[in-house]
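User: I would like to go through this model in short questions and answers. Please show the sequence and structure first.

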Amino acid sequence: MDFTLSPQAEEYRNKVRAFVDAEIIPLEAVRASYDDHGNIAEGPLEAVRAKARAAGLWAPQMPPARGGLGLDVMGRAVFYEEANRSIFGPVCFNCSAPDDGNMTVLEKVGTDKQKEEFLQPIVDGKVRSAFVMTEPHPGAGSDPTMMLTTAKRQGDKWVVHGRKWFSTGADGAAHYILVAKTSDDPRKGLTAFLFHKDQPGWRVVRRIPIMGPEEHGGHCELEFDGLEIPDANRLMEIGDGLKVTQIRLGTARLTHCMRWLGLAKRSLEIASAYISEREGFGIKLAERESVQLLLGDAAKEIHIGRLLVMNAAWKLDQGDFARKEVSIAKVHVADTLHKAVDTAIQLCGARGYSQDTVLEWMYRYARQARLVDGASEVHKMVLARYYLKEGSDFWSWGA
Ligand SMILES: Cc1cc2nc3c(=O)[nH]c(=O)nc-3n(C[C@H](O)[C@H](O)[C@H](O)COP(=O)(O)OP(=O)(O)OC[C@H]3O[C@@H](n4cnc5c(N)ncnc54)[C@H](O)[C@@H]3O)c2cc1C
């Protein structure tokens, strides 16, 4: 393992940090910056996005030929953590979910024509995208083999019927990646497709109300009633739907962790400022050992999370799928985000529970981390399976 940062990654760390401080964090305190779902409103977003592009901080995950920065996964870990020091950060740099994961997988597996048509407009910030896989009961959730949405071949096109839900960003997106059942083969029964919002045969049934602030476009329930997709818009081979999903999630799960670490760090910044000023029983709160234990424990968990993310990022950069490392990081960082924000709220007293800081926003948001991109229990099940299969090799450092 070599976690040495390239000079380029270090430069972006400083630039993103300065940009977030100057251009994004001030927006958090202005009510007019928020849309109806607790995210940055379109007007302020477009203004900051223009500044981010001008500052050379646009689409860090995409190659320069597409207008991105071409950062490797370790470089992204540094960039994304700084970007999400603000609750509005990642979308301002075009590295928020779900576009981030969708762009990454399309760049990896799309044909040249698919990339030109479906990927480039997302990179350019002209359209948003959604990844459409999970279904309501009794369909596919943690277990993708339960998929009920079908795509049936008719000549050179596929006809889709079924129901999906929790498609993040689906309301108002233009480009969609859909995973549907194309055969009963238990391992090769799913296939991934691309479709455009203007194609007939599908609709957004509802934007599902949730407990936390929402990504742009919300989390939607979709109905497919005869959507026709040309075979040319199939991703990879017939039966490769799970492969496409794994390729997408391998990096997308980790980039979620990178962003969550930024939020966790910010929550401690807010708490530190408060306890460094606030006094009780004759001393500053920050001087009290029991307060230091809370802060130190949360800081320790965040740093463990950073090391886990870097380890997985380094492996991904070596061409490894890093399945164990990504699962371990995902479980740990999801818990850490919740713990850090909870600690920060506690240390800020009543102010922490108010809307005078972004802590309550983060707290409501944090609860999704243990569900999205695979429930923590499922990741632990996967880890147990690896352990039972590999025995002592489970602990190998790997090259
Ligand atoms: C905010 C948010 C955004 C999302 N965005 C998207 C998206 O963009 N696209 C998309 O397709 N999906 C999305 N999802 C769906 C997400 O991927 C699923 O919620 C997740 O895979 C779990 O599936 P499920 O909700 O059907 O839970 P279920 O499969 O019904 O499981 C329920 C619970 O049972 C337990 N459980 C299940 N299986 C096991 C097991 N093997 N071992 C132990 N315990 C188990 C877990 O505690 C789990 O939380 C999103 C979800 C959320 C909350």
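User: In which segment does Trp397 lie, and is Trp397 buried or exposed?
Analyst: This is a predicted model, in which local features need pLDDT of at least 70, side-chain atom pairs count only at pLDDT 80 or more, and totals for chains, interfaces and linings use all residues. Residues are numbered from 1 along each chain as its sequence is written. Trp397 lies in the segment after α12, where helices (H or I, at least four residues) and strands (E, at least two) are DSSP runs numbered from the N terminus. Trp397 has 6 other C-beta atoms within 10 Å, so Trp397 is exposed.

User: What cut-offs define buried and exposed, and how does Asp2 count?
Analyst: A residue is buried if 20 or more other C-beta atoms lie within 10 Å of its own, exposed if 12 or fewer, and partly exposed in between, with C-beta atoms placed from the backbone. Asp2 is placed in the segment before α1 (7-28), and its C-alpha atom is separated by 9.3 Å from that of Met310, 308 residues apart along the chain. Because Asp2 has 8 C-beta neighbours inside 10 Å, Asp2 counts as exposed.

User: What share of the residues of the protein count as buried?
Analyst: The C-alpha atoms fill a box of roughly 80 × 55 × 45 Å along the principal axes. The protein holds twelve helices and ten strands. Of its 399 residues, the share that count as buried is 45%.

User: Which domains give residues to the shell around the ligand?
Analyst: The ligand is surrounded by 20 residues (near means a C-beta atom, placed from the backbone, within 6 Å), and the closest are Met133, Gly141, Ser142, Ala375 and Glu377. Two or more residues each come from β1 (129-132), β3 (157-168) and α12 (376-390). The ligand lies between two domains because both give residues to its shell: domain 2 (129-235) and domain 3 (242-395).

User: Which element gives the most to the side of domain 1 that touches domain 2?
Analyst: Domain bounds come from an automatic or database domain assignment, and domain 1 spans 7-123. 15 residues of domain 1 are in contact with 15 residues of domain 2 (contact means C-beta atoms, placed from the backbone, within 7 Å). The elements that give two or more residues to this side of domain 1 are α5 (99-109) and α6 (112-123). With four residues, the one that gives the most is α5.

User: Where does Thr111 lie, and how far in space is Thr111 from Met236?
Analyst: Thr111 lies in the loop between α5 and α6. Thr111 is partly exposed, because 15 other C-beta atoms lie within 10 Å. Thr111 and Met236 are 125 residues apart in sequence, and their C-alpha to C-alpha distance is 8.4 Å.

User: How many residues does the largest nonpolar core have?
Analyst: A nonpolar core is a set of buried Ala, Val, Leu, Ile, Met, Phe, Trp, Tyr and Cys residues joined through C-beta atoms within 7 Å. Phe193 is among the residues with the most contacts inside the largest one. Leaving aside neighbours within four places in sequence, the contacts of Phe193 include Ala151, Trp158 and Leu178. The number of residues in this core is 103.

Technical notes
Contact = placed C-beta atoms within 7 Å.
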